[in-house]
Every structure is written in structure tokens, then in C-alpha cells.
Amino acid sequence: MPRIDDLLEKIGSAAYITTLDMCKGYWQPALKSTKQQRLRQALLRRNCAVGNQSLDNLNDSDLKNFIVDDKHGIIYCYIPKVACTNWKRILIALNYSEPYPDPMSFKHNQVHQFERFQHLNDFPKAERDAKLKHYTKFLFVRDPFVRLISAYRDKMLNYDQYFYEGYVRLILLLYKKQTTVTYNHEVARKEGLQPSFYNFIQYILDPRTEKKEPFEPHWRQMHRLCHPCLIEYDLVGHQESLQEDAQELLKILKLENAIKFPSSYENMTSVDSVMDWFQSVPLEDRRKLYRLYEKDFKLFGYRRPTELLDD
């Protein structure tokens, strides 16, 4: 399968979009959506409000979560806390020659080096639009409340200096009402300093939070990261059916015999544990939180958690 970059070198980049149309058959596999995928895509179309916004309204920062693999004609919009580490491992492995290395051979700290990947906002607009039109585009989503619990466990309990200094320390001061808090995350961990889950929710619900800056991506709404009402995805995967959806995507890409998606690990936050986590959150705050993430619930087909929100 020739690389699109090699074809472009032969004919000149001025003919980029025309060349993509001509060569589409080389590297874009025939998309055979399953019934589940058709339902998910229909749900997106139904719930995406008709408006004046278009891709032209997005700036570079809106596209920073889009990884581009020119070799295989892939665009992956990654959402933190939704299997993105393993999908990044897959994309790194695919940049090698066959037989591809084991994705799990790439360590966690290697995988999250931003500069390892090409991103959609690295390209001029004409190339960006052409790739969005022709490449296989996918994302993986998750129950929004379960994702929040996962973000809390990872970034509020197992924090590094970045998350401690930027978020944890502030939450301890504002919502746990601690008056003297160290600036060093290692000292804080030794002292057992941790915001409660409710403290974390208070921070998210506080109007001052987003007045300062947009939500950190680990708890930013999924639709704000991947813009599913502006970009027509070829596959919308769910964390809850991760292995099946991953296998379907690899089949679409004709890679199912070349590389294997890593197995899920046992420590993953369970949907069944949501009620326990939210016991400390007052009913009115649960309802406010749902309203904040309601669009994610509706766009991606997650049920309204009535057991958390109704009297």
C-alpha cells in the first residue's frame, strides 16, 4: 500500500486534494458499519443541533486531540480516560515496519509525549480538510460519570507535580478549607493530602473554574474535545464494548491480522460502582453535574442515571 506522502512527492503538493480523490482506493478501506455503528452514528445525527458552526470556526487548539497517521490514512481523536494510552500504543507500533512490535512494549511515559505524533492542527487548512474528508476517523467514548470517577482516581489521588500544583492544591484550599498546604506533591502525598470526590465535583461545578480556563482535558466534556457534530466519524467506539469495537476498527483498517489491541486491565472503574462514589454528592449537585455533561450522555447514547438524579 503506497503512502500518500510518497504519491504527493511525485506529483507536487499543489494537487493535494485532487490526488487524495484519485488515490482514495489505495489507502481508505471500504467501511462496513455494523448495525451498532449505524445506530450510534444515527444517534449523533439526530442529537446534533442544527447551527451555523462549521469546521472553519474551530481554531488550532480545538484540534489538538486529533492524531494523524498518514501511512494508514487514520485520524484518531483521543479522549483522556477512554483507552487512549493503548490506542496511542497501537499508533506508535503502526509507524514501524511489519511485523509490528507489541504495543505494550511502549511504556506509559513514552506514549504520552505529545511530540511523538502528528496532529491535525500541524497541517495547513487544505490538507487538514482533505484528510478529514478521506481518512478513517474514529474516537472512543465512555459513560460520562464513570469517566469523571476515573479522572478523580488518576489525577486527584495519584497526582504528579503538574496536577498537584495546578489543580489538587487549589481544590484542597477552596473546598477542603485547608489553610496551609505544601507546594510539593511528594510532601503532600506523604502527608496523605487528598481532595474528596465531592471536593472534585465542587471544583467542576464552581462557575469560577471555567472563567479562569477551559476544563482540563481529563474532565472536559467529550464532545468539546472531538466535535462529533462537525466531524463525521467512521467508527464511534465505547469503552464498555472496547475489545469488540477495537476489533471492528482493525478490520475496517485491514489490520486485524497484523496487530492486536491490548487486553483491558482489571483496575478499570466499573459502571456498577457509580452509586457508591456519588453517595457523598448532594442530590442537587448531582443534577447540576448531569446538566453539565448532558450533551455527552445524549450524543453518545448513555442513559440518564435516574438512580442518581431522581428523588
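Contact here means heavy atoms within 4.5 Å. By that criterion, and leaving aside neighbours within four places in sequence, L94 touches D69, K71, H72, I74, Y100, L255 and I259. L94 is found in helix α4. Its relative accessibility is 1%, so L94 counts as buried. The C-alpha atoms of L94 and A258 are separated by 9.3 Å, although the two residues stand 164 residues apart along the chain.

## Overall picture

This is a predicted model. The protein chain has an average pLDDT of 88, and 87% of the residues score at least 70. Where pLDDT is low, the predicted coordinates should not be read in detail.

The protein chain contains 16 helices and five strands. Of its 311 residues, 50% are buried. Among contacts with a separation of 6 or more, 72% are between residues 24 or more positions apart. The accessible surface of the protein chain is about 16,100 Å². Carbon and sulfur atoms account for 49% of that surface.

## Disulfides

How many disulfides does the structure hold? There are two. Counting bonded cysteines along the chain, the pattern is 1-4, 2-3.

| Disulfide | S to S distance | Torsion about S-S |
|---|---|---|
| C48 and C229 | 2.0 Å | -85 degrees |
| C77 and C226 | 1.9 Å | about -90 degrees |

Take C48 and C229 first. Their link is left-handed. Are the two cysteines buried or partly exposed? C48 has 16% relative accessibility and counts as buried. The cut-off for buried is under 20% relative accessible area. C229, at 34%, counts as partly exposed.

Now C77 and C226. The torsion about their S-S bond is about -90 degrees, so this disulfide is left-handed. C77 sits in strand β2 (residues 74-77) and C226 in helix α12. The pair links distant parts of the chain, 149 residues apart. Both C77 and C226 are buried.

C84 is buried, at 7% relative accessibility.

## Aromatic pairs

The structure holds 25 aromatic pairs. Two of them are described here.

The rings of Y96 and F106 have centres 5.7 Å apart. Their planes meet at 35 degrees, so the pair is tilted. Both residues belong to the loop between α4 (84-94) and α5 (108-111), ten residues apart. Y96 is partly exposed, with a relative accessible area of 39%. F106 is buried, with a relative accessible area of 7%.

The rings of Y152 and F200 have centres 5.9 Å apart. Their planes are at 35 degrees, so this pair is tilted. Which elements does the pair join? Y152 lies in helix α7 (residues 144-157) and F200 in helix α10 (residues 197-205), so the pair ties together parts that are 48 residues apart in sequence. Y152 is buried, with a relative accessible area of 5%. F200 is buried too, with a relative accessible area of 0%.

## Charges over rings

Two charged side chains sit over tyrosine rings. The charged end of K88 is placed over the ring of Y78, 3.8 Å from the ring centre. R304 lies over the face of Y290, at 5.8 Å from the ring centre.

Terms used
Residues are numbered from 1 along each chain as its sequence is written. This is a predicted model: local features need pLDDT of at least 70, side-chain atom pairs count only at pLDDT 80 or more; totals for chains, interfaces and linings use all residues. Side-chain values use heavy atoms; hydrogens and water are left out. A disulfide is a pair of cysteine sulfur atoms within 2.5 Å. Buried means under 20% relative accessible area, exposed over 50%, partly exposed in between (1.4 Å probe, protein chains only). Helices (H or I, at least four residues) and strands (E, at least two) are DSSP runs, numbered from the N terminus. Rings of Phe, Tyr and Trp (its six-membered ring) pair if their centres lie within 6.5 Å; planes under 30 degrees apart count as stacked, over 60 as edge-to-face and the rest as tilted. A charge sits over a ring if NZ of Lys or CZ of Arg is within 6 Å of the ring centre and within 35 degrees of the ring normal. pLDDT is the predictor's confidence in each residue, from 0 to 100. Accessible areas come from the Shrake-Rupley method with a 1.4 Å probe; for residues, only the protein chains shown count as cover.
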